[in-house]
Amino acid sequence: EKYGKCVKNCPEGQYYNKHSDKCECPSGTSWKYGKCIKNCPKGQTYNQWSHKCECNKGTEWKYGKCVPKCYNGQYYDNHAGKCVCPKGETFAYGKCIKTCPKGQTYNQWSHKCECNKGTEWKYGKCVPKCEHPQFYDNHAGKCVCPKGTELKYGKCAPVCPEGKYFDKDSHKCVCNKGTSEVYGKCVKDCPKGQYYDRWS
């Protein structure tokens, strides 16, 4: 007897509500599994064995909601609403890897950013690998020969003085046809029987 009349005996945990004339669970709880259990936040469900509100498998409680569990170096970004890699990293090969500078690619075996074959990292970019003695000139944007030489027949050859040309067979500067080197300079070939007199 309650409130001057006969009322229902309520199961343990519930109470009698005289206004609704029903047995009810306290506020914030619901009748499940034969007892009053805590109402779970949206996305969570009540686990009757652990007696706790839990997120579904593969998710966890963060930022007031169930979010995906992140793996392989990723973390949950609440603004993006997904698992992301830390700044400066990209998701590839099933994990977070270093984001490579433009022109380089990530080598999953060496775990490094590398330039393509035949190029190397210089001046903050991938540039052609130059064949010795050539070197990469950043201003010209190409491989160039050292000062005093020029590219001839695919190799750096000396820049020849006037009147001479680079002979690829002897690998040196020689006098033009019809001239011969006399006393270190190219002079016109003399007719047969004559010779060059440097004093006359």
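Cys 160 is buried, with a relative accessible area of 18%; buried means under 20% relative accessible area, exposed over 50%, and partly exposed in between, with a 1.4 Å probe and protein chains only. Cys 160 forms a disulfide with Cys 173, S to S 2.1 Å, where a disulfide is a pair of cysteine sulfur atoms within 2.5 Å. The torsion about this S-S bond is about -85 degrees, so the disulfide of Cys 160 and Cys 173 is left-handed. The pair links distant parts of the chain, 13 residues apart: Cys 160 lies in the loop between strand 20 and strand 21 (164-167), and Cys 173 in strand 22 (172-175). Strands (E, at least two residues) and helices (H or I, at least four) are DSSP runs numbered from the N terminus. Cys 173 also counts as buried, at 18% relative accessibility.

The model is a predicted one, in which local features need pLDDT of at least 70 and side-chain atom pairs count only at pLDDT 80 or more, while totals for chains, interfaces and linings use all residues. Residues are numbered from 1 along each chain as its sequence is written, and side-chain values use heavy atoms, with hydrogens and water left out.

The structure holds twelve disulfides. One of them joins Cys 40 to Cys 53, with an S to S distance of 2.2 Å. Its torsion of -85 degrees about the S-S bond makes the link of Cys 40 and Cys 53 left-handed. Cys 40 sits in the loop between strand 4 and strand 5 and Cys 53 in strand 6, so this pair ties together parts that are 13 residues apart in sequence. Cys 40 is partly exposed, with a relative accessible area of 24%, whereas Cys 53 is buried at 17%.

A further disulfide joins Cys 145 to Cys 156, S to S 2.1 Å. The link of Cys 145 and Cys 156 is left-handed, with -90 degrees about the S-S bond. Here too the pair links distant parts of the chain, eleven residues apart: Cys 145 is in the loop between strand 18 (142-144) and strand 19 (149-152), and Cys 156 is in strand 20 (155-158). Cys 145 is buried, with a relative accessible area of 15%.

Now the backbone. Most residues other than glycine have a negative phi, and most peptide bonds are trans. Tyr 33 is not a glycine, yet has a positive phi of about 55 degrees. Tyr 33 is placed in the loop between strand 3 (29-32) and strand 4 (35-38), and is partly exposed at 46% relative accessibility. His 51, also not a glycine, has a positive phi of about 60 degrees. The loop between strand 5 (44-47) and strand 6 (52-55) holds His 51, which is partly exposed with a relative accessible area of 47%. A cis peptide bond, with omega about 10 degrees, joins His 132 and Pro 133. Pro 133 lies in the loop between strand 16 (125-128) and strand 17 (135-137).

Last, the chain as a whole. The chain has zero helices and 24 strands. Along its principal axes the C-alpha trace spans about 155 × 25 × 15 Å. Of the 200 residues, 18% count as buried. Among contacts (heavy atoms within 4.5 Å) between residues at least 6 apart in sequence, 0% join residues at least 24 apart.
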